[in-house]
Amino acid sequence: MPFEIIPGNPLVLTAGSRVTLVPGVWHEFYPSSGECVIGEVSTANDDLHDNFFLDPEIGRFPGIEEDEPAAVALIGT
């Protein structure tokens with residue numbers, strides 16, 4: 001069921017919930033706890049024209065600190 005949110009007001013989702021945004025809507029998201037896992041799926045995956053970041057430090061791919069050795073090589077060396 002579509003509804004509008006006042007700009008600047010957060011929308012808090014419960015576990016397993018999702019939200020669909022129409023293209024062109026500026027948005028940001030972040031976890032509310034360390035147990036939260038977030039994913040975003042775009043209708044178009046075009047980094048030159050689809051993904052824009054207000055804060056250039058965020059970037060598309062966050063840094064990952066590995067705390068376990070690799071179990072399987074994903075890319076051959």
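D67 counts as exposed because its relative accessibility is 66%, where exposed means over 50% relative accessible area, buried under 20% and partly exposed in between (1.4 Å probe, protein chains only). Together with E65, E66 and E68, D67 forms a negative surface patch. For such a patch, residues need over 30% relative accessible area and no salt bridge, with like charges joined within 9 Å and nonpolar side chains within 5 Å. A salt bridge here is a side-chain nitrogen of Lys or Arg within 4 Å of a carboxyl oxygen of Asp or Glu.

Keep in mind that this is a predicted model, where local features need pLDDT of at least 70, side-chain atom pairs count only at pLDDT 80 or more, and totals for chains, interfaces and linings use all residues. Numbering runs from 1 along each chain as its sequence is written, and side-chain values use heavy atoms, leaving out hydrogens and water.

Now for the nonpolar side: F3, I5, L11, L13, V19, L21, V22 and V25 make a surface patch of about 700 Å². F3 is exposed, since its relative accessibility is 59%.

Next, look at S42, which is partly exposed at 35% relative accessible area. Leaving aside residues up to four places away in sequence, S42 touches D50 and N51 (contact means heavy atoms within 4.5 Å).

And the whole protein? Of its 77 residues, 1% count as buried.

How values were computed. Areas by Shrake-Rupley, 256 points an atom, 1.4 Å probe, with all protein chains shown as cover. Lys, Arg positive; Asp, Glu negative; His and termini not counted. Charge placed at Lys NZ, Arg CZ, Asp CG, Glu CD.
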